[in-house]
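Me: I am new to this structure and would like to learn how to read some of its features. Can we go through them in turn?

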Amino acid sequence: MKQLNLIFLIFGLFISCSNNQGKIKTGNDSTAPNVLFIAVDDLRPELGIFGASHIQSPAIDKLAAEGLVFNRSYCNIPVCGASRASLLSGVRPGVNRFLGFDTWQEKDYPGVLSLPMHFKNNGYTTISNGKVYHHPQDDIGAWHEMWRPKKKYSPRDFITDENISLDNAKDSRGRPYEWVEAHDTLYKDGRIAKKTIEDLKKLKEKGKPFFLAVGFLKPHLPFNAPKKYWNLYDPESISLPDNYMQPASTPQNAFHNFGELRKYYSVPKQGPISKEMANKLIHGYYACVSYTDAQIGKILTALEDLKLAENTIVILWGDHGWNLGDHMLWCKHCNFESSLHVPMIIKVPGKTSGQKTEVITEYIDIYPSLCDLARLPVPDHIDGESFVPLIEGNSRVKDYAISKYYNGVTLVKENLFYTEFIDKEGNLKTRMLFDHTNDPLELDNLAEKPSYENKVNDLSNFLHANWGNDFFLDRRKK
């Protein structure tokens, strides 16, 4: 009888183990990984890890040395509100969906299961610090806590008396840059880092898995940063980009008047800006990158000190690129590489250690990838495809990205950058094609050259087949 009972016991244990294999571990499981989700506003991939040795960003460089760097990652729309709504919902932009900076995810796609809501539903503590969504109240139910630093002196976080006065005047803004002798926490990003470190300590005590999102404001305009970060760069060594021109072969609707910058005091309303101001803008952008990098470093150090790093996935991304004189443009809002190419790094404990991938990825791939890494089911509405196979050293079928900005839709495939400018019915207006193998600065538009006719047709057919079945559908009418 004892032998029979032992046999039944062993058999029962075998069945129990078999049933648990492959079972999804939710946030209620103590082995579920944490997620530190770091968004950086207007961060272009001009960083040391992408070959820009003149940029000082040691914290991001260190994260890259422990993570997987995506050398060819692209946002799905180059404007903050829409980019964030698309990324956090896992859904492509369309003709009537996710359009501009003022986008609300819950208005453009009511009822969508967002990335933070999915983690919250699976037992995670979810916290949003700083600018994660564009609107503080967007998708509010997805978070146990949402926090943003309050302004101290003016709407755009100025400190000098002149800028405060200009910024608080009606229909006015301060200068597009500022430097002062100040502690990091005098500007908002320093306070965002401080709050996040406090949250990490509390989350450590609770012992439950968390999804902690941190949205830094710089290097967004105005380029305000403590003077010590400006001092990292010699203005004499700063120069305009090699593609500071607008070739005649490029359609005029590819360009814009960079109205976002022109709202600031001392910036001319029309025409090119002076070389002196261009130098100061680039200098200020670099200073802000280093300032925000320092805040990221403080958070990552705290993660290590609290012994949370060994079970925390860290993903860092910039919501879109930014033009620093490329094609004589400033800001984002266009279909050139400088607006669409974005930095993305992911660190997965035990799986990444400084690898780089040349496989093309896009931001709608982040949602399903984090689901896979956290062993959560991927919702049916997702348009992206997980890049986890790349983390594991394997390949994946998808190797393209599609980005959109209003009437311009861009396909990134192989080393080609193909854009169609269309109307709301999908009729072609103009187009452009750049071969980044021979023309990385995008100065020679090949789209109308007879020798590229077949290639343009192939790319156009691929773009239309893959931009999404509801590209023209307004989901608000559902």
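Me: Which helices each supply at least two residues of the lining of the largest pocket?

Reply: This is a predicted model. In it, helix H10 (275-305) and helix H11 (337-340) each supply at least two residues of that lining. The largest pocket has a volume of about 970 Å³. Its lining has 35 residues, and those nearest the centre are Arg44, Pro45, Glu46, Asp326 and Leu441.

Me: Which peptide bonds are cis, the one from Lys218 to Pro219 and which other, ending at Pro222?

Reply: Most peptide bonds are trans. Here the bond from Lys218 to Pro219 is cis, with omega near 15 degrees, and the bond from Leu221 to Pro222 is also cis, with omega near -10 degrees. Pro219 sits in the loop between strand E7 (210-216) and strand E8 (223-226), and Pro222 is in the loop between E7 and E8 as well.

Me: Is Glu442 buried or exposed?

Reply: Most residues other than glycine have a negative phi. Glu442 is not a glycine, yet has a positive phi of about 60 degrees. Glu442 is buried, with a relative accessible area of 2%, and lies in the loop between strand E19 (428-435) and helix H14 (453-466). Met328 also has a positive phi of about 60 degrees, but is partly exposed at 28% relative accessible area.

Me: How far from Arg72 is the nearest side chain of opposite charge?

Reply: A salt bridge needs the charged atoms within 4 Å. Arg72 is buried without one, and Glu358, the nearest side chain of opposite charge, is 5.2 Å away. A polar atom of the Arg72 side chain lies 2.6 Å from the backbone oxygen of Glu414.

Definitions and conventions: Residues numbered from 1 in each chain as written. Predicted model: local features only at pLDDT ≥ 70, side-chain atom pairs only at ≥ 80, totals over all residues. Heavy atoms only, no water. Buried < 20%, exposed > 50% of the residue type's maximum accessible area, 1.4 Å probe, protein only. Lys, Arg positive; Asp, Glu negative; His and termini not counted. Polar contact = N/O pair within 3.5 Å; in protein donor to acceptor, adjacent residues only side chain to side chain. 1 Å grid on protein atoms, 1.4 Å probe; cavity = no way out; pocket = protein on both sides within 12 Å on 5 of 7 lines; lining within 4 Å. Points joined across faces, edges and corners; volume = space filled by probe spheres on them. Helix = DSSP H or I, 4+ residues; strand = E, 2+ residues; numbered from the N terminus.
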